[in-house]
Structure formats: structure tokens, C-alpha cells
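Take a moment with the sequence and the model shown here. The paragraphs that follow walk through it step by step.

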Protein chains: 2
Amino acid sequence: MSSLPLTIAVDAMGGDHAPRREVEGAVLAAQELGIGITLVGPEELLREELGRISGGHLPIEIVHASEAVTMQESAARAVRSKRDSSIRAATRLVREGRAQGVVSAGNTGAVMATAKIVLGTLPSVSRPALAAIFPPLGGTRALLVDVGANVDCKPEQLLQFGVMGATLSRLLLNVSRPRVGLLSIGAEQIKGNELTREAYRLLEHSPLHFVGNVEGRDLYSGSVDVVVCDGFIGNVALKISEGLAEAVTRMLRQAFLEAAPAESALWHSRVEDLARRMDYSETGGAPLVGVRGVCTICHGSSSVRAIRSAIQLTAEFAAAGINEKMEAELHRLGSSAERKRRAATHTA
Amino acid sequence: MSSLPLTIAVDAMGGDHAPRREVEGAVLAAQELGIGITLVGPEELLREELGRISGGHLPIEIVHASEAVTMQESAARAVRSKRDSSIRAATRLVREGRAQGVVSAGNTGAVMATAKIVLGTLPSVSRPALAAIFPPLGGTRALLVDVGANVDCKPEQLLQFGVMGATLSRLLLNVSRPRVGLLSIGAEQIKGNELTREAYRLLEHSPLHFVGNVEGRDLYSGSVDVVVCDGFIGNVALKISEGLAEAVTRMLRQAFLEAAPAESALWHSRVEDLARRMDYSETGGAPLVGVRGVCTICHGSSSVRAIRSAIQLTAEFAAAGINEKMEAELHRLGSSAERKRRAATHTA
């Protein structure tokens, strides 16, 4: 990939520890992966931060943006009032072709709203979705779509999430024939709510490799590659997983490190290894799929390595031309549905 | 509690390892807690099983039931066709006053449907709900209501779940002023879906100690005692938690026991202690609240100690007269809403 002239725009003012971790993550990505980076934020501040940690000679540029959106701000207000925010300026670079993707650890709502406004939506997509890559606790990595871009979804949207998720799984995680499941409360088709029962019918008759209803536990069982759900449910599912993983990590550290500091050398490495495997921020952020451009949203609390991973993910996403492939699949799906509809009308 | 003449009916044919674990759990409860037990299932089989493990002289009776509902069966069909199932016969004992509560590790849907039909619903309850007691990873035990009895809920139901959950929290977990939260995707009132935005308004104006929207992670943060949600979301949240906890437990055993068998004596106890703290089945089952009687539903895979805990929980529930208190609170809530409605109509 280092042979490609890729540049990723990084919103340097997004995360809880901005701009330090963003700048350090960018330096790592440039050093280790040779990815070109454009850091976006207050020029002087970023130049200073960059000078502090980098030996120079890295493919890192700075683009000035005077404002930053805070985590507490309403997304709608931030998008309306802060025209020169680092999120918006970074996203604009993608629209203008000066970067092939954008990474932000900022206010999720504001990043999503900005991407939709600045980049627009793929022609066949009704609403973009946020995809979370779950840690591979069950051996394989499952994708959950949507984890918060859309609440109160329609069945057709869940079908689109399945198509977009399957494309991601194929091109990003190298799964040749992704198994797509519908998040519900029992395996049988009749189990679920109004939305899932209707979505089941659509998924069943789609070209996807649909494996039926799956339960929350399947995100960790290795039995499914893509799980689709309404963004409200997906967000709850993601947050509950993160909360439990954090609680378990605390318990682990307490039981094995604090309780037995003498033995801690070997235990420390095992505990930290487990903690890393459970850390949702280490997966490299959540791709926002369905917009005309590549956009990855990281946790506000992302570590330097998580920022680096997100930059890598975004570059791979862009290099694979995932959006073009996603649009082609969605278009085919739409045409086929349209043909079926016409045939049905004709017969009737 | 041993001074109370309490009898708990145990569906001996429910769980995945029935009747062995049910019978052993009943023996433990009778021995250790002095609770009277009525085991319900095929008389000969249960007498044999009981003879095998018990020295006799325990307050355990057997009531014959010829049929058993399997886990795979449709709840509706099981309730209609199996009139002499162990679930139904055990629940009937409660209605007839021959037992003060019923415990089943069987088909959740069938247990719920049977309880609703045989026991009926409390006068002020529109629909009963299943309450899960989460492991105290954040220091305190949070209750999640509903975890699967109702999908596609109305806002008024979520308010009732809050009242029932708060009563449970007060009387069963000894929380003097339970903090009630609404499961959503952000702290602000406007965050959420149509259902939660409407439920927020109702909860806010109720006599409950409502702390606003909470996120999935708060089930483990110790910041809330009762979390209310639609049964679809609750079931997904519970299953995802169980799935993650199981995956983590597997990883733990692998990292600390299989990888280092030589050191396993001390590590074994620590790993197993952590595993127990994360084991959802060890909390003693999920109370079905809102029916005229006490009914606790355990995991199909419940251990003997989990069955014993569920019997204890059910006995405490019955001894505390929780249903009467719940009905009184719900009735007061209903009257107050009715008064407000009348006042509003009168003013208009």
C-alpha cells in the first residue's frame, strides 16, 4: 500500500486528548506505514506539537482550521455554526480530492452530520450507517451495522446495512462469503419485533448469504460475519459491550495485579494482553459507510495506537475502492427489486 | 426466613440437565435454607433422583406431572397442547395457594405465557415484564426491565417497568431510593428513538427517582439501580452481555490455566472467582414481575447453585410481599395520572 499516493486527513482536534494523541498517531502511521497525513486544526498549535515529537522528513502536512467541536455540543448546532471546525475542514479535503479519507475521534454526531453534508450520500443509499468492528473474541471479527447513525429504521435500510456490511467484510476483513445475520431475540423467523420480522423477509430474498436471526451472543461466537440492526439497538449493544469489557478489565487488573504485585511481571503482560484484546478502541474506529468518501470515527478516548490503526483502516478502505463496489452492489440490488416489482405489477 | 412456612414449587423438568440439577438445587435449598419445596414432574423419576442424593427428612414433596415442554417448542403451542406439563402444574400450585412461588429453568416463552394464563396479571399492570439482575461488576447490582417479555412497547409500559423495577430494587436488593434510568444512546433528553423520547417525559413526571437517559455501559458503572427498556432491546442487551462474559471467561481460562498449568493452583481460584462474578446464571434467575404470584425464570444451563439461588430469591420475593407493594404503587401512579387527566379535562 505504501506505493499508493494516499493521503488521509486527520481531524487533530477531535478526541479527549487532542491534539496530542492525534499528532502522535499520525506520526506513527507516517513512519510505520508510509501513509501521507494532513493534520487539520490550529496551525501554530499543531506545528508545535509535531515539532515536539517528530524528527521531520515525514509526509505530514498541516491545514489550518480555527474552530473545534466539543463532545458536549449538539451535532446540528455545531455543523450550522462552526463553519471552520477541524472536522469540517478535514472532511472538505476529501471532497476536494486532496485527501482520500478522513479520521476523527471527535463528537460522533457532528462527524456523521458533517460527512453527510460535505460528502453527500452514495446514489443508491437511503441513509449512511456506522459500522463497528467487534474484537475477535470468538476467533473472527464480526461487524455490527448500524451502531448509531439511524434510530427508528425501516426494513429496507436494514437490507442496505447488510449489503454495505458484507462489502466491508469482504474487502476489509477478507471474508470471502460473509455470513449476514439479523440481530433479534431468537433464531426463529417469527421471533423479534415488527421491524425485524419485515427485514427478515427482505434479507431472505436478497442475494446476501443470510443466515437468519442471530442473538447478541453471536457477536462473540464466530458464527456470523455481519450483524445488522437498527442504530438504536446497535448503539446500546456496542456501549454495553464496551462497558462490560471495561468492568472486566478493571476486575482483572485488581485480581491479578493489585492483589499480587510481587508476581506482577509475568501476570502484567498476560492481563494487558487480554485487556488489549477486549479494547474496542483498538480495532481502529468505526467506518461510516454509505457516504461519498471514506470516513472513520474513533473513540474520543482512543490511544495513539488506536489512531494509527484508524488511519491504516481508512487508507485500506480508500485503496480498496470500497465505495464504488458498495454502490455497484446496492445499485444491482435496487434494479433487481425494481425488476421484481415491475414483473409483479405486470402479472397482476 | 426459615421461620416462615414457605413452599416453593420447582418445575423439575425445565432445564437442559433436568431433572438432576433441579432436584440437587432443591435439596440444597431445603438443607441450607429450610425452604419447603414441591418438585413437579414425573413422580417415579423424581422419587428415584431424590432418593439417590438426599438422606431424607427434608421438607421436599413431589407433585406428579406427566409432560414436559422442550426448549425448542413454540410457547403458544406448548401452553395450548400440554395441559399437564411440569411448568403448568407447578404454576397451578401457586394459584391454589399450595406454593408461594414457582421456579423454572425451562422454555422462557412457555413459562411466561403459562404464568400469565394461570396466575393472571396484577390489576394495575398492563403487561408483565422480565427483570434481569446484572452481576455486580460495578459494585452494585443493576436491574434491567424488560429483558424479553414484551417487544414493541408503549411509553406507558416503560413507566410501569420503572415502578416494578424500583419496588424490586427496594425490597429485594435493599436499595433505599433506587435510581431509575432509561436505556438510550446519550444522556440528553432528545437522544433516543420515538419510544424513549416519549417515555422520558412520563418518567420525568413520575414519583420515581428518575436519573434520565443512561447508556449500556451504565449497567456496569454502579451509577443506576434500575434500567428500563423495551423487551427487544433488553433481551439483546442481556444476551450480548452473557456472550461477552462467556467469551472473556474462555479467554481467561486459556490465558491463565491452559497456558500455564504448572502455576494453576492459585491462578485457578482467581480465574474461577472472576468467572463466577461474571456468570449471569449465578444471580439466581429473572423474576417475572406483574403477575399475581411469584415466578422466577432461570437459565436452561443453570448450575445446581444457580437453582438454589433462584429458590432463595423466589422465597424472599414471596416473603417480602412484593406483589402487594408493587400493585399499591402502580395503583397510586394510575390514580394520580387519572386525577391529572381529569383536572386537565376540567380546566380545558
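Ala131(B) touches Leu144(B), Val145(B), Val147(B), Leu168(B), Ala286(B) and Pro287(B), leaving out residues up to four places away in sequence. The model is a predicted one. Ala131(B) sits in strand β5 of chain B, which covers residues 129-133. Is Ala131(B) buried or exposed? Its relative accessible area is 0%, so Ala131(B) is buried. One of its contacts is Leu144(B). Along the chain, Ala131(B) and Leu144(B) are 13 residues apart, and their C-alpha atoms are separated by 5.6 Å.

Stay in chain B and turn to helix α1. This helix spans residues 20-33, 14 residues in total. From first C-alpha to last, α1(B) reaches 19 Å, close to the 20 Å expected at 1.5 Å a residue. Buried residues of α1(B) include Glu22(B), Val23(B), Gly25(B), Ala26(B) and Leu33(B). What do the buried residues of α1(B) pack against? They pack against β1 (7-11), β2 (36-41), α2 (43-53), β3 (60-64) and α10 (304-319) of chain B. After the helix comes Gly34(B), with a positive phi near 70°.

Next, the aromatic rings. Over all chains, the whole structure holds four aromatic pairs. One of them joins Tyr200(A) and Phe210(A). Their ring centres are 5.1 Å apart, with 80° between the planes, and the pair is edge-to-face. It links distant parts of the chain, 10 residues apart: Tyr200(A) is in helix α7 (residues 194-204) of chain A, and Phe210(A) is in strand β8 (residues 209-214) of chain A. Both Tyr200(A) and Phe210(A) are buried.

Now the nonpolar cores. In soluble globular proteins, nonpolar side chains tend to be buried together. The largest nonpolar core here has 119 residues. Those with the most contacts inside this core are Tyr220, Leu252 and Phe256 of chain A, and Tyr220, Leu252 and Phe256 of chain B. Beyond its neighbours within four places in sequence, Phe256(A) is in contact with Trp267(A) and Val271(A), and with Leu252(B), Phe256(B), Arg270(B), Val271(B) and Leu274(B). Another core, of 59 residues, lies apart from the largest one; among its members are Ile60(A), Ala129(A), Leu195(A) and Ala318(A).

Last comes the interface. How many residues of chain A are in contact with chain B? The count is 47, and they meet 47 residues of chain B. About 4,300 Å² is buried between the two chains, with carbon and sulfur atoms giving 71% of that area. Six salt bridges are counted between chain A and chain B. Glu242(A) forms a salt bridge with Arg217(B), where the closest N and O atoms are 2.8 Å apart.

Notes
Residues are numbered from 1 along each chain as its sequence is written. Chains are lettered from A and ligands numbered from 1 in the order in which they are written. Side-chain values use heavy atoms; hydrogens and water are left out. Helices (H or I, at least four residues) and strands (E, at least two) are DSSP runs, numbered from the N terminus. The expected span of a helix is 1.5 Å times one less than its number of residues. Buried means under 20% relative accessible area, exposed over 50%, partly exposed in between (1.4 Å probe, protein chains only). Contact means heavy atoms within 4.5 Å. Rings of Phe, Tyr and Trp (its six-membered ring) pair if their centres lie within 6.5 Å; planes under 30 degrees apart count as stacked, over 60 as edge-to-face and the rest as tilted. A nonpolar core is a set of buried Ala, Val, Leu, Ile, Met, Phe, Trp, Tyr and Cys residues joined through side-chain atoms within 4.5 Å. Buried area is the accessible area (1.4 Å probe) that two parts lose on being put together, summed over both. A salt bridge is a side-chain nitrogen of Lys or Arg within 4 Å of a carboxyl oxygen of Asp or Glu.
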